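Here's a quick briefing to read with the model open in your viewer.

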Amino acid sequence: QVQLVESGGGLVQAGGSLRLSCAASGRTFSNYNMGWFRQDPGKEREFVARIRTSGGTTYLDSVKGRFTISRDNAKNTVYLQMNSLKPEDTAVYYCAASTVITVSPRGYNYWGQGTQVTVSS
């Protein structure tokens with residue numbers, strides 16, 4: 001099993017920044033692709049960003065240039081730096097781990113509990 005714990009969410013005004021962290025334990029972190037997803041009430045879970053074991057990254061088009069995903073294998077932690085936040089970024093953000101290369105939530109084996117991000121106008 002891989003355990004994932006997100007932190008860093010909160011309330012911020014539009015244009016502000018937050019940095020989300022996801023701490024992993026239980027297995028070899030460096031062997032997993034890591035992703036961030038988000039979900040608003042009543043909506044489908046949406047891919048936001050991923051970082052592969054190689055370090056390559058992929059982003060949702062609407063967050064490109066604003067969000068940055070990174071990983072620190074020595075700390076077993078993945079980060080999501082979110083800048084220039086918009087009200088439409090409001091959601092519960094989840095981190096997830098996968099052994100395959102995919103942006104689909106169905107491909108991720110392990111999930112954190114989520115952290116709320118609220119952006120006010």
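The largest cavity in this predicted model has a volume of about 40 Å³. A search of the whole structure turns up 1 cavity of 30 Å³ or more.

**The cavity**

- Ten names to highlight if you want to see the lining: Val2, Ala24, Ser25, Gly26, Arg27, Thr28, Phe29, Tyr32, Met34 and Ala97.
- By residue type, the lining of the largest cavity splits into 6 nonpolar, 3 polar and 1 charged.
- Two of the lining residues, Met34 and Ala97, turn up again as bridge partners, with Ala97 sitting in β9.

**Overall build**

- Of the 121 residues of the chain, 45% count as buried.

- Strand β1 covers residues 3-7, and its side chains alternate between two faces.
- β1 pairs with strand β3 (residues 18-25) in the antiparallel sense, over 5 bridges.
- Which residue in β3 is the bridge partner of Glu6? That would be Cys22.

**Strand β9 and its neighbours**

- β9 spans residues 91-98 and is mostly covered, with 7 of its 8 residues buried.
- β4 and β9 run antiparallel and are joined by 7 bridges. Within this pairing, Met34 has Ala97 in β9 as its bridge partner.
- β9 also runs antiparallel to strand β11 (residues 115-120), with 3 bridges joining them. Look there for Val92, which stands opposite Gln116 in β11.
- Strand β10 (residues 110-111) is another antiparallel partner of β9, joined to it by 2 bridges. Here Ala96 stands opposite Trp111 in β10.

- Arg38 lies in strand β4, which covers residues 33-39.
- Is Arg38 buried or exposed? Its relative accessibility is 7%, and the cut-off for buried is under 20%, so Arg38 counts as buried.
- The side chain of Arg38 has a polar contact of 3.0 Å with the side chain of Asp89.
- The side chain of Tyr93 also makes a polar contact with the Arg38 side chain, at 3.0 Å.

**Loop residues with positive phi**

- Asn76 sits in the loop between β7 (67-72) and β8 (77-82). Its phi is near 50°, a positive value in a residue other than glycine.
- Asn76 has a relative accessibility of 27% and therefore counts as partly exposed.
- Ser84 is found in the loop between β8 and β9. Phi of Ser84 is near 50° too, again positive in a residue other than glycine.
- At 40% relative accessibility, Ser84 counts as partly exposed.

**Gln81 in β8**

- If you're clicking along strand β8, stop at Gln81. This residue is partly exposed, with a relative accessible area of 25%.
- Gln81 and Val48 are 33 residues apart along the chain, and their C-alpha atoms are separated by 12 Å.

Terms used. Residues numbered from 1 in each chain as written. Predicted model: local features only at pLDDT ≥ 70, side-chain atom pairs only at ≥ 80, totals over all residues. Heavy atoms only, no water. Buried < 20%, exposed > 50% of the residue type's maximum accessible area, 1.4 Å probe, protein only. Helix = DSSP H or I, 4+ residues; strand = E, 2+ residues; numbered from the N terminus. Pairing = 2+ DSSP bridges. Polar contact = N/O pair within 3.5 Å; in protein donor to acceptor, adjacent residues only side chain to side chain. 1 Å grid on protein atoms, 1.4 Å probe; cavity = no way out; pocket = protein on both sides within 12 Å on 5 of 7 lines; lining within 4 Å. Points joined across faces, edges and corners; volume = space filled by probe spheres on them. Nonpolar A, V, L, I, M, F, W, Y, C, P; charged D, E, K, R; others polar.
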